[in-house]
Every structure is written in structure tokens, then in C-alpha cells.
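This briefing concerns the ligand surroundings and the helix packing of one model. Please consult the sequence and the structure shown here.

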Amino acid sequence: MKNQQELTLDEKISQSIKVIKRSTKLKPKIGIILGSGLGDFADSLEMCDSIDAQAIPYYPHSSVMGHKGRMIFGKIGKIQVLAFQGRVHFYETGNLETILYPIRVAHALGIEKLILTNAAGGVNKEFTPGDLMLIVDQINLTFENPLAGNVVPLRNQPLYDTEFQNIIKKVAEKNNIKIQTGVYCGLKGPSYETASEVKMIRQLGADAVGMSTVNEASLAFHLGMRIAGFSCITNLSTGILDQKLSHVEVTEVANKVKHTFSKLVTEVILAIGN
Ligand code: HPA
């Protein structure tokens, strides 16, 4: 038997998949990654099989508060869903592959549509903490690229599926849920941005800023998945509002909007999940 270092990434993934498939009979085609404080959505799924991240070989697990680290297979009506409760952030390991691993697992499990969610700071002055923002595009300021290693530059297309965006806007309107739309900027973290960085990020064209999502979206898209994204605006970024920011505040606000978030995501899955 090979030792851990000798295994290729594909071999590690297939070992992870073997354990996951032993734990569930469901074969969802839609997945959702739940960001900071947004993990409770998974509790609304029916007929769940839940697998702790720690029980899956090679699967990264998080130490951040508000991130439970589980894969939950369940149903909304007839639609099978895979929910990733909690994600590992780049700043926890400094290793891009750990944050990409769940995306590779999702792909290997047959996920074709992926909803990425996160907690983010608002850099658009029109935003209020508690707003939900549909991500229409992204700016990757992590200075990483999960696609490095490809010999030819890849064709550029909208990462966030425009048909999904149109459906989501209609779903939100029909259910009386106010959503913002905007561009998400992803940084490495773990420090929150300085006032000057926030000013720069706004000038670059972003509406929200956070520490995840951009590399996951980029890889998922290039693996062929159709992507939708939501930010829960938990705070206004430094300098936009003169107030200190902590992770506790981020999870508190996410907590307050979790019912609206769950309702929106449930309706979105019903609309795009088939
Ligand atoms: N900046 C970066 N990440 C975040 C923020 C923020 O203001 N709020 C929640 N996640």
C-alpha cells in the first residue's frame, strides 16, 4: 500500500468518494456550500445523511467558529441536494488545494450545479448589514489561481450563470425577498481590510468583500459546473462605517438573516435544481 504522500490527488479523491458513497444512497446533482453562520440551512433538508468532514479521508476540516464541517445529503421536495456545511478558508492552511478539495469531491460525485454562499463585508454604501447579495461577477484578489498548470490560457466566460441569475431575481421577487446584486471581491484574509484597502476595492468595482468563494467558483466553473453565488452582507467594511469588526459580529448578523436566507435558497433550489 502507498503511503499518504505517494497518493495522487485523484487517488485521494477516489478514497474520499468511496467513504462518502458508503454513507448515502442519494445522488444529488445540485450542491450548496454554506458560508460563515449560514450552515443552518442544511437543517431544513429532508431525509438526510450527514457525514462529518473528519470521517472522510483527506477531506479538510475547519477550525473557524460557525463552520461545522459536514457534508449533508438530503432532499427539498423531490430534489436531491448536497450541502457542504462549513468550509475551510485559505488563511487556515495557506494551501489552495485544501480549499479546492470539496469542489473536486463535488465534481467527482456528479454535482452539475453549485451554489456558493459566503458572509461578506459591504463596500457599496447602499448596502445594509443583513442584505443578501446575488453575486453577478467576482474579482479575485487572492493572487492565487486554481487553474495554474494549464498549458493554454482558458477561455473567459461569465463564471456566474446568467440564466440562473435571471431565475433567482424572479424567485426573490415572487417570494418578496429583497436582494441586492453585485460583484464579490475575494481576498486571502485573515485580517479584515483596512479603510484604504476598502476604498481601493470599491474603486475596482466590487460591492462586497470576503475571504472565500473566488477560487472555488473558478475551479467549479472550469470543471463544467453551472454556478450561482450569494453573499450575506454581515457588516459594512472598514471606513464605510466607523466601527470595529469581529468574527462574532459576522456570525451574529448571519444568524439574524438565516431564515430569509434559507427561504431564498430553498426556493432557488426548487427553481434551478431539476
Ligand atoms: N471583510 C472580509 N471578509 C468578511 C467581512 C469583511 O468585512 N465580513 C464578513 N467576511
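A polar contact is a pair of N or O atoms within 3.5 Å. The model is predicted: local features need pLDDT of at least 70 and side-chain atom pairs count only at pLDDT 80 or more, while totals for chains, interfaces and linings use all residues. Residues are numbered from 1 along each chain as its sequence is written, and side-chain values use heavy atoms, with hydrogens and water left out.

**Ligand surroundings**

- Around the ligand there are 13 residues (a heavy atom within 4 Å), of which Ala-119, Gly-121, Glu-193, Gly-210 and Asn-235 come nearest.
- A polar backbone atom of Ala-119 is 3.3 Å from a nitrogen atom of the ligand.
- For Glu-193, an N or O atom in the side chain is 2.8 Å from a ligand nitrogen atom.
- A polar side-chain atom of Asn-235 lies 2.7 Å from a nitrogen atom of the ligand.

**Helix H3 with helix H6**

- Helices are DSSP runs (H or I, at least four residues), numbered from the N terminus.
- The axes (lines fitted to C-alpha atoms over the stretch in contact) of H3 (residues 96-108) and H6 (residues 214-222) come within 9 Å and cross at roughly 45°.
- In contact (heavy atoms within 4.5 Å), Leu-96, Ile-99, Leu-100, Ile-103 and Arg-104 of H3 meet Asn-215, Glu-216, Leu-219 and Ala-220 of H6.

**Helix H1 with helix H3**

- The axes of H1 (residues 9-23) and H3 come within 10 Å and cross at roughly 60°, which makes H1 oblique to H3.

Note on methods. Axes fitted to C-alpha atoms, helices over the stretch in contact; angles between N-to-C directions. Helix = DSSP H or I, 4+ residues; strand = E, 2+ residues; numbered from the N terminus. Polar contact = N/O pair within 3.5 Å; in protein donor to acceptor, adjacent residues only side chain to side chain. Parallel < 35°, antiparallel > 145°, perpendicular 65-115°, else oblique.
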